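This report describes a protein model for a reader who is new to structural analysis. Please keep the sequence and the structure in view while reading.

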Amino acid sequence: MHPGPINRGVEVTSEVADHANSIILGQVENGVAIRMAVLYLLAARIPRGAV
């Protein structure tokens, strides 16, 4: 999944990034939710007062 932001002209051309079939923005949006969920689950495993 692409973490964003897009480096236009370096990673990908603007034509590809802006194409109707491009899923980059969806990957960025979903990646944020996934990372938040993983951090939540990891934090829940740390006993309170251990840090």
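## Surface and overall form

The protein has an accessible surface of about 4500 Å², and carbon and sulfur atoms account for 63% of that surface. The model is predicted: local features need pLDDT of at least 70 and side-chain atom pairs count only at pLDDT 80 or more, while totals for chains, interfaces and linings use all residues. Residues are numbered from 1 along each chain as its sequence is written, and side-chain values use heavy atoms, with hydrogens and water left out.

The secondary structure consists of 2 helices and 0 strands. The radius of gyration is 16 Å, well over the 10 Å that the globule rule gives for 51 residues, so the protein is more spread out than a compact globule. This radius is taken over C-alpha atoms, and the globule rule is 2.2 Å times the number of residues to the power 0.38. Helices (H or I, at least four residues) and strands (E, at least two) are DSSP runs, numbered from the N terminus. Along the principal axes, the C-alpha atoms fill a box of roughly 50 × 20 × 10 Å. Of the 51 residues, 12% are buried; buried means under 20% relative accessible area, exposed means over 50%, and partly exposed lies in between (1.4 Å probe, protein chains only).

## Charges and the salt bridge

The protein carries 4 positive and 4 negative side chains, and the centres of the two sets are 22 Å apart. Lys and Arg count as positive and Asp and Glu as negative, while His and the chain ends are not counted. Each charge is placed at NZ of Lys, CZ of Arg, CG of Asp or CD of Glu.

A search of the whole structure finds 1 salt bridge, that is, a side-chain nitrogen of Lys or Arg within 4 Å of a carboxyl oxygen of Asp or Glu. Asp-18 and Arg-8 form a salt bridge, with their closest N and O atoms 3.1 Å apart. This pair links distant parts of the chain, 10 residues apart: Asp-18 is in the loop between α1 (14-17) and α2, and Arg-8 is in the segment before α1. Asp-18 counts as exposed because its relative accessibility is 54%, whereas Arg-8 is partly exposed, with a relative accessible area of 42%.

Which residues form a nonpolar patch on the surface? They are Ile-34, Val-38, Leu-39 and Leu-42, which together have about 380 Å² of accessible area. Patches are made of residues with over 30% relative accessible area and no salt bridge; like charges are joined within 9 Å, and nonpolar side chains (Val, Leu, Ile, Met, Phe, Trp, Tyr) within 5 Å.

Leu-39 lies in helix α2, which spans residues 24-44, and it counts as exposed at 57% relative accessibility. Val-38 is also in helix α2, but its relative accessible area of 43% makes it partly exposed. Leu-25 belongs to helix α2 as well and, at 65% relative accessibility, counts as exposed.

## Distances along the chain and in space

Asn-7 is in the segment before α1 and is partly exposed at 38% relative accessibility. Its C-alpha atom is 9.7 Å from that of Ala-17, 10 residues apart in sequence.

His-19 is located in the loop between α1 and α2 and is partly exposed, with a relative accessible area of 45%. His-19 and Leu-41 are 22 residues apart along the chain, and their C-alpha atoms are separated by 35 Å. Leu-25 and Val-10, 15 residues apart in sequence, are 17 Å apart from C-alpha to C-alpha.

How values were computed. Accessible areas come from the Shrake-Rupley method with a 1.4 Å probe; for residues, only the protein chains shown count as cover.
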